[in-house]
Amino acid sequence: MKETLRKPVLAVGPFHPLQEEMEFFQLTVDGEKVTDIKARISYNHRGIEKLSETLQFDQVPYLVSRVCGICSASHPLAYVQAVEEIAGIKPPERALYVRTIINEMERIHSHLLWVGLAGHFIGYDTVFMWAWKYREPVLDLLEEMTGNRNNYGNVKVGGCREDIPEELIPKINQELDQIEKKAEMLTKAVLDDPVLHVRLKGVGVLSKEDAVNYAVTGPTARGSGVAIDVRRDDPYAAYADLDWKVVSQPEGDVFAKAVVRLLETFESIKMIRQALAKLPKGPVAVDVKEIPPGEGCGHAEAPRGETFHYVRSDGGNRPVRHKIRAPSYVNVPSFKASCIGADIADVTLTLAAVDPCYSCTERLAVVDGHNAVIHDYEELLRLSREKTARIRKDLGSPGLKLEGC
Amino acid sequence: MQPNELDKQFSPIQDRLAGIEYTKENRVFLPCEAEHVYEICRFLFDELRWRFVISTGIDAEDRFEVLHHFSDDASGTVVTVKAFIRDRDKPEIDSITPLIPAAEWIEREMRDLLGITFRNHPNPQRLILEDDWPDGVYPLRKEIPK
């Protein structure tokens, strides 16, 4: 019998214990330690790149906003920026501000969603309940601004489809004050909690060197001390006019990634306030006639990192090639660096810490039939929660301090 | 970064490039033949320390193109190495995964979808297509109906 056949293999997926989308991980384990990890994706590809070649330039934004429900502002934005680059179109100032506001709203609700899921996973269901509760008003505001809670469909080549009505601005400001207060409370509770410090620090470390080699982006990179952010590095929309800072942490562990996301939420609130105060008057779109032949690269900072779109035009009314790269496509393979040598109880948390988004990663319709799949949700959730409970007991069972909920 | 500054940076790989094209001041395309792609990417990644973004495979009728996109985050410049593969019947190009681990998935994806072979790829398994997908059918080629 070959040596490899005798190694115990733990299957995670294809239904991921945390994210409820299909992806299959094979962990080779030695006792409690993970010695190798293999990923199998493509359970739910939808052929969006190929489909895009069948649509006209002005129809594609509505297709790519469906690449991912959570990043449904940043994908179309990256796409229209690529097309505007080909055609040399300058959208009106007001449109750039509206784009900024919607994209930052998206970041707030996405980060809150992640905080909730992470809390749930380590056995802090209170955090899960509160984080998702505070996310709701953000979605409501998005609905009032664009007509939809997700898949906003508000960005188009040459500007925006809908303006933000002036009478809505005081309400947005009021809601932002509330959201900021709640996010402060949540952040304080997480950062001051001794159990979370022990549970999350030093877990799933992605070194700066690995972060560069695996080309990770977004909070996954910024949590490993690689302070890159498209909003600052290659400013688009109205980011160059706003006063904000890139949040980064050098440690590379799960705690660092949580800190980056929590603090970024406040930067987003700050940016929306400034953008609303400075919102220029005028139209939100210019007329677009033809897209000349050429090629363009558009990128935008989605909540999970850089979303990159490459578009090639031959002068017709459809793209001849449209490449989409979502941040999870580069963030997910970094598991190879951060999970090997880790405890089984920490692996799923480490996987979750990059906030992976599989619908973003997969874009071609194929269903794979793995017959021998062990569906291990309960077991891994139990292991992870038990570890938290152990730490909590060792520390004298302190409760999470959530004040003024 | 100004175009002439960038031109200067590219001088060590000048001989391998078929040109330096600017579509705007911070968007650069570096066309080249397939055999030079590894050396050019090594220079951008190892020496200039630019971030690998992703690759795009294109079926461009009389040839295949493999575009490796890099980003110089310090200046916000996106630099695309555009490699031409002239042999349509047996498209092959050197893998850059031994150099840049981040390229593993996308090279496997291009192999699945366009049928381009990546020489020296450390893990040339299928990524996108299922195991029983027929050999020789590549969904992103132009002859496959939309």
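In helix 15 of chain A, the buried residues are A:Ile344, A:Ala345, A:Asp346, A:Val347, A:Thr348, A:Leu349, A:Thr350, A:Leu351, A:Ala352 and A:Ala353. A residue counts as buried if 20 or more other C-beta atoms lie within 10 Å of its own, as exposed if 12 or fewer do, and as partly exposed in between, with C-beta atoms placed from the backbone. Helices (H or I, at least four residues) and strands (E, at least two) are DSSP runs numbered from the N terminus. Since 10 of the 10 residues of helix 15 (residues 344-353) are buried, this helix of chain A is largely enclosed by the rest of the structure. After helix 15 of chain A comes A:Asp355, with a positive phi near 55°.

The model is a predicted one, in which local features need pLDDT of at least 70 and side-chain atom pairs count only at pLDDT 80 or more, while totals for chains, interfaces and linings use all residues. Residues are numbered from 1 along each chain as its sequence is written, and chains are lettered from A and ligands numbered from 1 in the order in which they are written.

Chain A as a whole gives the setting for this helix. Chain A holds 17 helices and 8 strands, and 54% of its 405 residues count as buried. Two residues are in contact if their C-beta atoms, placed from the backbone, lie within 7 Å. Among the contacts in chain A with a separation of 6 or more, 74% involve residues 24 or more positions apart.

Helix 5 of chain A packs with helix 15 of chain A at an angle of about 180°, and their axes are 11 Å apart. Axes here are lines fitted to C-alpha atoms, for helices over the stretch in contact, and angles run from 0 to 180 degrees between N-to-C directions. A:Leu117, A:Ala118 and A:Phe121 of helix 5 meet A:Thr348, A:Leu349 and A:Ala352 of helix 15 in chain A. This contact of helix 5 with helix 15 of chain A comprises 5 nonpolar, 1 polar and no charged residues. In this grouping, Ala, Val, Leu, Ile, Met, Phe, Trp, Tyr, Cys and Pro are nonpolar, Asp, Glu, Lys and Arg are charged, and the others, Gly among them, are polar.

Helix 5 (residues 93-121) of chain A also packs with helix 6 (residues 125-146) of chain A, at an angle of about 160° and with axes 8 Å apart. Helix 5 of chain A is thus roughly antiparallel to helix 6 of chain A. The residues of the contact between helix 5 and helix 6 of chain A include 17 nonpolar, 5 polar and 2 charged.

Turning to the strands, chain A has an open sheet of 3 strands in the order 6-7-8, with antiparallel pairing. Strands pair if DSSP finds at least two bridges between them. Strand 6 (294-302) and strand 8 (319-325) of chain A are at the edges with a single partner strand each, so one side of each has no neighbour in the sheet. From one strand to the next, the twist averages 15°. Strand 6 of chain A pairs with strand 7 (residues 305-313) of chain A over 9 bridges in the antiparallel sense, and A:Tyr310 in strand 7 is the bridge partner of A:Cys297. Across strand 6 and strand 7 of chain A lies helix 4 (residues 74-87) of chain A, running at about 150° to strand 6.

A:Ala87 belongs to helix 4 of chain A and is partly exposed, with 17 other C-beta atoms within 10 Å. Apart from neighbours within four places in sequence, A:Ala87 is in contact with A:Ile291 and A:Pro292. The C-alpha atoms of A:Ala87 and A:Ile291 are separated by 5.5 Å, although the residues are 204 apart along the chain.

Chain B meets chain A through 27 of its residues, which are in contact with 28 residues of chain A. The largest share of the side of chain B that touches chain A comes from strand 3 of chain B, with 6 residues. In chain B, strand 3 runs antiparallel to strand 4, joined by 8 bridges, and B:Ile54 stands opposite B:His69 in strand 4. Strand 4 of chain B is largely enclosed by the rest of the structure, because 8 of its 9 residues are buried.

Terms used: Parallel < 35°, antiparallel > 145°, perpendicular 65-115°, else oblique.
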